[in-house]
Amino acid sequence: MPSTEELLKRLGVTIDPGTLRLALTHRSYAYENGGIPTNERMEFLGDALLGFAVTDALYRDNPDRSEGELAKLRSAVVSTRALAGVARSLSLGDYILLGQGEILTNGKDKSSILADTMEAIIGATYLSHDIETVRQMVMRLIAPLLKDAATLGAGTDWKTNIQEFAANRKLGAIDYQVTGTGPDHARVFESTLYIGGQPYGTGAGCSKKEAEQESASATWSMFSAPAEIPAD
């Protein structure tokens with residue numbers, strides 16, 4: 001693993017070394033190293049902190065939006081897809097401690113792992129500082145997402161969107177083909193979305209539902225490009 005100094009520089013914060021290491025410890029690595037603590041508790045904390053920071057910003061910046069609209073915008077900004085994008089911009093995957101199975105399957109670039117670790121980093125920042133430091137860091141990292149929330153889908157249920165889109169255009173039956181890999185303690189599911197027998201987007205997640213949503217999201221992104229939209 002490369003030195004974390006560069007990662008901290010990109011984050012714009014300092015984090016206690018032990019706390020940072022824990023934030024970067026995926027359960028697959030912990031399992032292979034005698035059951036040491038994982039980053040999952042810190043991820044739980046970071047999820048709540050992220051939600052607060054984003055909710056606060058959306059509430060202040062969108063005085064004319066309804067509660068329902070704000071909730072959809074927040075869902076888009078804190079989605080697995082959006083957080084994984086932030087993590088990739090930080091090259092966070094290079095720093096995550098993974099078990100050999102995840103290393104062999106390129107776990108450092110899996111959206112679910114990246115998003116979860118990003119939340120753990122937010123939790124670690126809070127433990128090393130305070131909530132205002134967390135809020136400032138989150139705003140630096142996700143400011144572009146707040147501006148582009150509408151194009152991210154504003155918390156859309158991607159599977160529902162695809163279902164309606166395919167039905168309206170009579171594209172054929174929808175089928176999610178899902179496979180699972182890895183041991184039970186670190187199971188990863190991969191989904192490919194088929195429409196009318198043709199493969200479209202793929203996605204991965206820690207559950208079948210999450211993998212299906214990610215593949216639906218990827219398919220929607222394909223359809224959002226004018227050249228990719230199938231004819232009626």
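How many nonpolar, polar and charged residues does the lining of the second largest pocket have? The lining has two nonpolar, seven polar and six charged residues. The model is a predicted one.

**Second largest pocket**

- The volume of the second largest pocket is about 230 Å³.
- Its lining is made up of 15 residues. Those nearest the centre of the pocket are Arg88, Ser111, Thr202, Gly203 and Ala204.
- At least two lining residues come from each of α6 (80-89), β3 (198-205) and α12 (208-224).
- Helix α12 gives the largest share of this lining, with four residues.

**Largest cavity**

- The search finds one cavity of 30 Å³ or more. The volume of the largest cavity is about 60 Å³.
- Its lining consists of His26, Arg27, Asn39, Glu40, Glu43, Ser112, Ile113, Asp116 and Cys206.
- By class, two of these lining residues are nonpolar, three are polar and four are charged.
- Helices α4 (40-61) and α8 each provide at least two residues of the lining. The largest share, three residues, is that of α8.

**Sheet and hairpin**

- Three strands form an open sheet in the order β1-β2-β3, and their pairing is antiparallel. Strands β1 and β3 are the edge strands, each pairing on one side only. On average, neighbouring strands in this sheet are turned by 20° against each other, with direction ignored.
- Strand β1 (residues 174-181) and strand β2 (residues 188-195) run antiparallel and are joined by eight bridges.
- Two examples of bridge partners can be given for these strands. Asp175 is partnered by Tyr194 in β2, and Val178 is partnered by Ser191 in β2.
- Six residues lie between the strands in the hairpin of β1 and β2. In this hairpin, Gly182 has a positive phi near 90°.
- Helix α11 (residues 158-168) lies across β1 and β2. The direction of α11 is at about 145° to β1.
- As a general point, side chains in a regular strand alternate between the two faces of the sheet.

**Packing of α8 and α9**

- Two packed helices are described by the angle between their axes and by the distance between those axes.
- For helix α8 (residues 111-128) and helix α9 (residues 131-147), the angle is about 145° and the axes are 8 Å apart.
- On the α8 side, the residues in contact are Met118, Ile122, Thr125 and Tyr126. They meet Ile131, Thr133, Val134, Met137, Val138 and Leu141 in α9.
- Sorted by class, this contact between α8 and α9 has eight nonpolar residues, two polar residues and no charged residues.

**Salt bridges**

- Nine salt bridges are found when the whole structure is searched.
- Lys9 and Glu6 are three residues apart in helix α1 (residues 5-11), so about one helical turn separates them.

Note on methods:
Residues numbered from 1 in each chain as written. Predicted model: local features only at pLDDT ≥ 70, side-chain atom pairs only at ≥ 80, totals over all residues. Heavy atoms only, no water. 1 Å grid on protein atoms, 1.4 Å probe; cavity = no way out; pocket = protein on both sides within 12 Å on 5 of 7 lines; lining within 4 Å. Points joined across faces, edges and corners; volume = space filled by probe spheres on them. Nonpolar A, V, L, I, M, F, W, Y, C, P; charged D, E, K, R; others polar. Pairing = 2+ DSSP bridges. Axes fitted to C-alpha atoms, helices over the stretch in contact; angles between N-to-C directions. Contact = heavy atoms within 4.5 Å. Salt bridge = Lys/Arg side-chain N within 4 Å of Asp/Glu carboxyl O.
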